[in-house]
Amino acid sequence: MFDFMDMGFDEPGEPITSGPYIPEASECLRCGMCISSCPTFRLFQIDEETPRRRIRTISKILVENLPISADERKHLDNCLQCRACETVCPSRMAYGQLFDQARVQLKANPGWLVKQAFRLIENKRWRTRLMPLLSVYLKSGLQKPLRSIGLLKKLHLAEAEALLAKPALQALAVCYPASAKKCGKVALFTGCIAEHFDRETLLAAIKLLNAIGYEVLVPPQQSCCGAIHQHNGQPAACLIDNNIKVFNALDVDAVLHTATGCGAMLSEYQSDDNEAAELFRQRLYDINDFVLKHWLDGLQLTASDLKVVVHEPCSQRNVLKNQQAVYALLQKIPGLSIAALADNHICCGAGGSYMLTHPDNAGQLRALKQQVIADSSADVVVSGNFGCAAYLNADGGRVAHPLLLLARQLL
Ligand code: SF4
Ligand code: SF4
């Protein structure tokens, strides 16, 4: 049996190191309260795969300026950045922030293929040109033979290819007028990949916002939120600054995001221009919060007898911390049975790009989540994060955004 307290660490409260003061790293008490929430500890059951051991490695990098071993690097890289450790930590360790800083210091040097993927995420024009090709590929019947001869695996594309769904080819309109008496104007953050692969959710969001009296602007100049870049030690400043500039220039009441993974990143935007970043963050809302807050008196939804379980994405539980808004919104549908999915504190394995970079670990976590979903005998699983839904659905899941359920019940 693994003994959390018998790790031979320093006494609680003793600083990890001397050197430059990084409050978050040096305030780890080694209490072990984060261990049972950590998905990699759940998989490996060894101390090297715990948050507190990773904090020690991060401290070595950031505070002591010491080289780390290949083994320490491997265990650090295994982190999903789910930030469940942050939520339970009595010292409120800023794990996500520290991890990102450590990654930058480690100067990750991604391979050619990964670099192209980053470029594709950054460049809207390239993405728009690629989508018709993907669409043809999906219709061509080439998937089966290419998978069977192992070519996709050799090209390190097998994991990404398995996630492919039919992409939306048309751009969204720039403006969607309110369908009820107009009470305001909002801007919608659509993301990079989600713009093509989660179109249904974006349209449901627009329909609901229009129904509660909001005109919706979709600025075409917006870019990817930068989360994948930042979490992989790549520069995200250009993407961040562009989004701040594009959204701050709009005369809107709020900027809304539909995917909690992007929302977590957007909510922590920093820039050299502090004032601009502050303005951006002030007007930013998760769509569930916004729709709930501005629900129109008298807006009726048709009843449903579905049994729904709520998957709470890590980005929502551990960063935005607004999962209660999802339950409150779903209660607007008369007759719906709503429950929390068991083990919501454990990551589903998606973890941004983790499902592509660590397919074995991610696959094991997904299998655990899928078992919990099967045990729930729910008709539908809702998740506020596109990445989690896409990953769980790739293996034949039935996960949808909560707004899709609401929009379908509009009278
Ligand atoms: S819960 Fe926080 S203080 Fe305790 S070991 Fe984990 S990171 Fe350190
Ligand atoms: S972020 Fe998640 S995977 Fe990483 S150490 Fe914390 S709990 Fe574990």
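Let's start inside: Ala-350 is buried, with a relative accessible area of 1%. Buried here means under 20% relative accessible area, exposed means over 50%, and partly exposed is in between, using a 1.4 Å probe and protein chains only. Ala-350 sits in the loop between β7 and α21 (354–357). Leaving out residues up to four places away in sequence, Ala-350 touches Met-355, Gly-387, Cys-388 and Tyr-391, where contact means heavy atoms within 4.5 Å. Ala-350 and Cys-82 are 268 residues apart in sequence, yet their C-alpha atoms are 9.5 Å apart in space.

A word on the ground rules. This is a predicted model, in which local features need pLDDT of at least 70 and side-chain atom pairs count only at pLDDT 80 or more, while totals for chains, interfaces and linings use all residues. Residues are numbered from 1 along each chain as its sequence is written, chains are lettered from A and ligands numbered from 1 in the order in which they are written, and side-chain values use heavy atoms, with hydrogens and water left out.

Stepping back, the protein chain has 24 helices and nine strands. These are DSSP runs numbered from the N terminus: helices are H or I with at least four residues, strands are E with at least two. The radius of gyration of the protein chain is 22 Å, close to the 22 Å that the globule rule gives for 411 residues, so the chain is as compact as a globular protein of that length. That radius is taken over C-alpha atoms, and the rule is 2.2 Å times the number of residues to the power 0.38. Of the 411 residues, 52% count as buried.

Helix α7 (residues 112–122) contributes Gln-116, Phe-118 and Ile-121 to the buried set. The buried residues of α7 pack against α8 (124–140) and α14 (227–231).

Lys-332 lies between α20 (323–330) and β7 (337–340), and counts as partly exposed at 30% relative accessibility. Beyond residues up to four places away in sequence, Lys-332 touches Leu-292, Trp-295, Leu-301 and Leu-406.

Two other loop residues have a positive phi without being glycine. Asn-65, with phi near 60°, is in the loop between α3 (51–64) and α4 (70–77) and counts as exposed at 61% relative accessibility. Lys-321, with phi near 55°, is in the loop between α19 (314–320) and α20 and counts as partly exposed at 48%.
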